[in-house]
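Biologist: Hello! Could you walk me through a few local features once the structure is up?

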Amino acid sequence: MGNSSGTPGTTQGIAPQDSDTGREEVTAARRKPARPATDSLAGWLSARTDAQLVALLQLRPDLAVPLPSSMTVLGARAEQRASVLRASEDLDTLEFAVVEMLTVHGTTRPVGDATPLTRKALRAALSGRVTKTALDAALERLTARALVWLDGDDLHLVPAAAEAVPWPLGSTTELPDALTEPEIVAALAELAPPERALLDKLATTGPRGRTRDAAPGTPADRPIQQLLTHRLLHWIDDETVELPVTVGQVLRREPVTHPHNLVPPKPEPGKYTPAEVNAVAAGEVGELLRHCAGIIESLGQLPAPALRAGGLGVRELRRIAKQVGVEENRAGLLVELLAAADLIEKGLPEPTPDVDTTDDFWAPTPAADSWLEATPARRWVTLALAWLAMDRMPWMIGMRDANDKPLAALSIELRNPHAPRDRRDIVGLLAEYPSGTSLEPTDIGRVLAWRAPRRRRHFRHEAVGHTLREAAELGLVGRGALASPARSLLHGAATNAADAETAMASALPEPVDHVLVQADLTVIAPGPLVPELGARIALVADVESAGAATVYRIGETSVRRALDAGMTAAELHALFGTYSRTPVPQSLTYLIDDVARRHGRLRVGMAQSFVRSDDPALLAQVLAAPVAVELALRAIAPTVAIAQAPLGEVLEQLRAAGFAPAGEDSAGVIVDLRPRGTRVSVRPQARRPYRPSAPSTEQLELLVAELRAGDRAAGARSGQAVRTDGTRTSTAATLALLQLAARVRRSVNIGYVDAQGVATQRVVEPLKVGNGQLDALDPVTGTVRHFTLHRIASVAMLE
């Protein structure tokens, strides 16, 4: 039997009932249904309590869409192959062992004289390999999903569940002479290419293969005989061989787990102090936020053209990585993260660059501005939540696709609908251990593969390793252990996000309000600066190296940048004099005064543009320079000249010619002409797949009530009946029968079609007929319901 692979379904919500069939507040307790016969799955479901049925629909939401009309319909859906395979995705190795035992030694249905496997017999068969408590818990999970149902002490398996077993039948009950993982690795290393090719083919296409070389008498040097000798293949018959489960797992680089092991693996954890883990995570968060801000600035200054398929080209990614000062694989992760958080998006930037404006560009969104102004802890929470929820795998950037082309960042090929669940499983396993506990990626893969063997390929060594690496780069994991702020995020509630923000604020270093100015014109920030001081230092100095302590370099260009932004020489002197814990070197004072003395003597405005100076000789020097011809400068007064070039170009050309102009507005005040960066509007519908919300508990409770009513209506014995056909006669007969039932207090079975076109049968007790509606008591819920008369398709008086 080959490996079965079910396709997970999409969770769908249940639409609320039409207002025409609105319900009053439930004031009476629901009646407990009579216990019907349990010789079928539908009968067993009818005997379940309302809470158990609600739990079933929460575990298997596909059973509720479209709304089933009765328990018989619900039971039939619960036995459908696609639904069963979907419900089996989260079963663990022990639960699949129970399924296999019921498949091999029991019966899926009571047929003829066959005897189903009892709970006692199952315990006896697995005694010594699993505890009674664990076995009972496994049966409870299987019955909660309606994959196993009971008739007294007899256990019945839904037939399609046998197809969900992710290994050949008999692997649980029979313990073959299997090789260990080290023995398999050693044996594979000694194989010749033809023998290895045969194993790789079986590992990818299916464990069983047909060959004539399996027959006795085949020469021993044939590949099949060599593999049988090394126990890398099992002999089935003269024409069939089978790849052992563990050998296939090693070949596919999956976690090695054997179906005979019914107890979950126990990894050997490492131990660190929570303070050490949080400190390492906080250090990564500081770098994360700085690099993300750098990418936003880079894309704001020069938006990246989008590929025709929608991704980000290798050349553009390399440019961004170089500008920010990170490796390309980290730049790929960060642009994916920023896109998932809606901080960058693909669209037409405003203002559009001087290129073909019909093409899309990757650029920051308006939300990036508010994100940059938020506190570091809040910025981290935004990115961490986006990583946990995004259905993409950034670690696959650069890998080759089926056409041997590299996968581009932000491309559709990186999308994987299983990514959020797998990511939470991997990181969530660390949350099950005490703070400061680290686990190796191999151990994490083994535990998760035991818990979900049908999804074991999702926990391959490289997948777990790359996911943990991303978690470490995001500051969720430090030293291989889960950081304290990340524990709160895994629950997903808004209050937990607030707790995570508080925890990260405590883990991050306290912002400092001072710097250390050195004689070589470097400024050292001994930690993260308070926002106001950090913005002012970044304006007057350039980052030379970043880390726990950031080193800035002050130069003529950076000082001129601060003066261009509107700061004066006196304000710059006061800045360093106030916030420097070391004496301000004289060289810095001279530099500021020298640049400020020359800065602004030449003024540039807009006429298209104009150049003005209180020194006629300086303006004459400018007009005599070659730059005047390039800018088409023309003197209109001894101290004023005009240009046809834009203001930004005039400033740039004059500075390149060796002058130090400053920009001014119409009032003569120096203006900040630094580029603000490009922004694009968010278009979430272009990149976000539709994800229907799960039904609420209240909706499922209403659905269960409908199922109970449908069963009651199906089992009721009808007397006088009327079916409407739209004529006056049938309408009058319907009203007369409903009014008669209301007078004599008799229950009726009505067929009702709601606004969505869903037809249901319901037994009710009419109370009042009038004003176009029927007021009736629902005996199942004990509430009064209102039915629109023209939607009633049939009425039958019950005996």
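Biologist: Is Asn771 buried or exposed?

Modeller: A quick note to begin with: this is a predicted model, where local features need pLDDT of at least 70, side-chain atom pairs count only at pLDDT 80 or more, and totals for chains, interfaces and linings use all residues. Residues are numbered from 1 along each chain as its sequence is written, and side-chain values use heavy atoms, with hydrogens and water left out. Buried means under 20% relative accessible area, exposed over 50% and partly exposed in between (1.4 Å probe, protein chains only). With a relative accessibility of 79%, Asn771 is therefore exposed.

Biologist: Thanks! Which loop holds Asn771?

Modeller: Asn771 is not a glycine, yet its phi is positive, about 55 degrees. Strands here are DSSP E runs of at least two residues and helices are H or I runs of at least four, numbered from the N terminus. Asn771 sits in the loop between strand 25 (759–770) and strand 26 (773–778).

Biologist: And Arg253, what is its relative accessible area?

Modeller: Arg253 lies in the loop between helix 11 (245–251) and strand 7 (270–271). Arg253 also has a positive phi, about 60 degrees, without being a glycine. Arg253 counts as partly exposed, because its relative accessible area is 45%.

Biologist: Nice. What is the relative accessible area of Leu798?

Modeller: Leu798 belongs to strand 28 (residues 792–798). The C-alpha atoms of Leu798 and Ser747 are 5.8 Å apart, although 51 residues separate them along the chain. Leu798 is buried, at a relative accessible area of 9%.
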